[in-house]
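Biologist: I would like to learn how to read a structure like this one. Could we go through it together?

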Amino acid sequence: MLIRTPVAVGPYGQSQPSCFDRVKMGFVMGCAVGMAAGALFGTFSCLTIGMRGRELMGGIGKTMMQSGGTFGTFMAIGMGIRC
């Protein structure tokens, strides 16, 4: 006897995304928001300490990656809790 798990169906017949898809989507959204915030704060902080040229671009990129990864991780955890 084969037992099948029920598939959640939305109001118009479409299936709901899986828990992994929701966690992945949370990470991507958090990463996008974190990178935007990192661009703003990174630009401000790098300019205030006097960076210019390549050093400025490297500092902004590093800040964007750090804040995007951090915020994306926390958003993924939040979406995982909601599953």
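Biologist: Which handedness does the link of Cys19 and Cys83 have?

Modeller: Please keep in mind that this is a predicted model. The link of Cys19 and Cys83 is right-handed, with 115 degrees about the S-S bond.

Biologist: What is a disulfide, and how many does a search of the whole structure find?

Modeller: A disulfide is a covalent bond between the sulfur atoms of two cysteines. Here the search of the whole structure finds one. It joins Cys19 to Cys83, with an S to S distance of 2.3 Å.

Biologist: Which parts does the pair tie together?

Modeller: Cys19 lies in helix H1, residues 19–48, while Cys83 is in the segment after helix H2, residues 53–82, so the pair ties together parts that are 64 residues apart in sequence.

Biologist: How far apart are the end C-alpha atoms of H2?

Modeller: They are 43 Å apart. At 1.5 Å a residue, the 30 residues of H2 should span 44 Å, so the two values agree.

Biologist: Which residues of H2 are buried, and what do they pack against?

Modeller: The buried residues of H2 are Leu56, Gly59, Ile60, Gly68, Gly72, Ala76 and Met79. These buried residues pack against H1, the helix in which Cys19 lies.

Definitions and conventions: Residues are numbered from 1 along each chain as its sequence is written. This is a predicted model: local features need pLDDT of at least 70, side-chain atom pairs count only at pLDDT 80 or more; totals for chains, interfaces and linings use all residues. Side-chain values use heavy atoms; hydrogens and water are left out. A disulfide is a pair of cysteine sulfur atoms within 2.5 Å. Helices (H or I, at least four residues) and strands (E, at least two) are DSSP runs, numbered from the N terminus. The expected span of a helix is 1.5 Å times one less than its number of residues. Buried means under 20% relative accessible area, exposed over 50%, partly exposed in between (1.4 Å probe, protein chains only). Contact means heavy atoms within 4.5 Å.
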